[in-house]
Amino acid sequence: MALDSWVNESLYSAWGQRFRVKREIARAKSPFQDIAIFESESHGQVLMLDGVVQITERDEFVYQEMLVHVPLVAHGRAERVLIIGAGDGGVLRRVLEHSGVRRAVMVEIDAEVIRLSRQFMPGIGGAAWDDPRAEVIVGDGIAYVADARDGEFDVVIVDSTDPIGVGEVLFTDAFYGHAARVLSPRGVIVNQCGVPFMQAEELTETSRRRAKSFAHVTAYVAAVPTYVGGFMTLGWAAKDVSLARLPVAEIERRAAAAGILGRTRYWSPAVHAAAFQLPPYIAELLPS
Ligand code: SAM
């Protein structure tokens, strides 16, 4: 990805977004991917992996709040959380905002992503890196879940790149089978599942696979400005069907107990409940 006055995202061959660059902050080629952090004129700092937008300073709150607060608030008693990917630290920071969380394990395959995010985008992970409840492991998420104990976690959050390259293993039957095994009886797993307007197959195929290991499979949406193409979907799979159907009042009660009410800019109890109301063009992609 040549950094000139503009950076073009390379996610889609025939369409995409571009950022006017103020300055390049960091570039590295890790054993897994090309890593670029730059200061944009419109969205603050931007992290790109292999030319694909991962997070921007300006809109990361949308994605991170919805990926974290929806499963943890719905679970209601999440104490042990497994995070896979999320090397920028944003998911870890928001998981640790939940007062009931006692242990947050983050497994990121690329140490360079962690190093560069901590050094050049410290606001994303904040103090999470040094929280005594946090355990940051450099490794492959599939290997970690294969070795984890039965019922070891209450929530699994997969904040990975798309199912190509190193991220592919996190969208497989084997991975979801292990995820079901390591989750407690009311366990929930959520994962970034692409933008269905452009990546419909990602939601359909991964939902079909999750359905082999979980009683309830659905998705919920978030409008992340820099995940271009309309709604972003977060894949949802749970052992307890009721968790995706909580009334707003109960969501609010659980969020208050977790200490996150009033600390968010996208997530709210009403947005949480509404996010599961899928437009037909997305609902039709889920297994019936
Ligand atoms: N929010 C972004 C999105 O929706 O595409 C994801 C951001 S996060 C930086 C993605 C991370 O997943 C990357 O740092 C990548 O190294 C990590 N990752 C990819 N495959 C992985 C695997 N098999 N195990 C652990 N981490 C993985």
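Here is a friendly walk through this predicted model in questions and answers.

Me: Before we start, how are the residues numbered, and what pLDDT do local features need?
Reply: Residues count from 1 along each chain as its sequence is written, and side-chain values use heavy atoms, with hydrogens and water left out. In this predicted model, totals for chains, interfaces and linings use all residues, side-chain atom pairs count only at pLDDT 80 or more, and local features need a pLDDT of at least 70.

Me: How many aromatic pairs does a search of the whole structure find?
Reply: Rings of Phe, Tyr and Trp (its six-membered ring) pair if their centres lie within 6.5 Å; planes under 30 degrees apart are stacked, over 60 edge-to-face and the rest tilted. Searching the whole structure by that rule gives nine.

Me: What kind of pair do Phe19 and Phe38 form?
Reply: Their ring centres are 6.0 Å apart. The ring planes meet at 65°, so the pair is edge-to-face.

Me: How many residues apart in sequence are the parts that Phe19 and Phe38 tie together?
Reply: Strands (E, at least two residues) and helices (H or I, at least four) are DSSP runs, numbered from the N terminus. Phe19 lies in strand β2 (residues 18–29) and Phe38 in strand β3 (residues 34–40), so the parts tied together are apart in sequence by 19 residues.

Me: Is Phe38 buried or exposed?
Reply: Buried means under 20% relative accessible area, exposed over 50%, and partly exposed in between (1.4 Å probe, protein chains only). Phe19 has 1% relative accessibility and counts as buried. With a relative accessible area of 0%, Phe38 is buried.

Me: What kind of pair do Phe175 and Tyr176 make?
Reply: Both of these residues are buried. The ring centres of Phe175 and Tyr176 are 5.7 Å apart and the planes stand at 75°, so this pair is edge-to-face.

Me: Which elements do the buried residues of α6 pack against?
Reply: Helix α6 covers residues 173–182, and its buried residues are Phe175, Tyr176, Ala179, Ala180 and Val182. An α-helix has 3.6 residues a turn, so residues three or four places apart point the same way. Contact means heavy atoms within 4.5 Å. The buried residues of α6 pack against β6, α5 (141–147), β9 (153–159), β10 (183–192) and α7 (196–211).

Me: Which residues does Ala180 touch, not counting residues up to four places away in sequence?
Reply: Ala180 lies in helix α6 and is buried, with a relative accessible area of 13%. Leaving out residues up to four places away in sequence, Ala180 touches Ser213, Phe214 and Lys239.

Me: Where is the charged end of Arg18, and how far from the ring centre?
Reply: A charge sits over a ring if NZ of Lys or CZ of Arg is within 6 Å of the ring centre and within 35 degrees of the ring normal. The charged end of Arg18 sits over the ring of Trp6, and its distance from the centre is 3.5 Å.

Me: With which side chain does His69 make a polar contact?
Reply: His69 lies in helix α1 (residues 60–75) and counts as buried at 0% relative accessibility. A polar contact is a pair of N or O atoms within 3.5 Å; within protein, one must be able to donate a hydrogen and the other to accept it, and residues adjacent in sequence count only if both atoms are side-chain atoms. At 2.8 Å, the partner of the His69 side chain is that of His98.

Me: How much of the ligand's accessible area does the protein cover?
Reply: The ligand is surrounded by 25 residues (a heavy atom within 4 Å). A polar side-chain atom of Gln33 lies 2.9 Å from a ligand oxygen atom, while a backbone N or O atom of Ile109 is 3.2 Å from a ligand nitrogen atom. Areas come from the Shrake-Rupley method with a 1.4 Å probe; for residues, only the protein chains shown count as cover. Of the 590 Å² that the ligand has on its own, the protein covers 98%.

Me: Is Ala86, with its positive phi, buried or exposed?
Reply: Phi of Ala86 is near 60°, a positive value in a residue other than glycine. Ala86 sits in the loop between β6 (80–85) and α2 (90–95). At 2% relative accessibility, Ala86 counts as buried.
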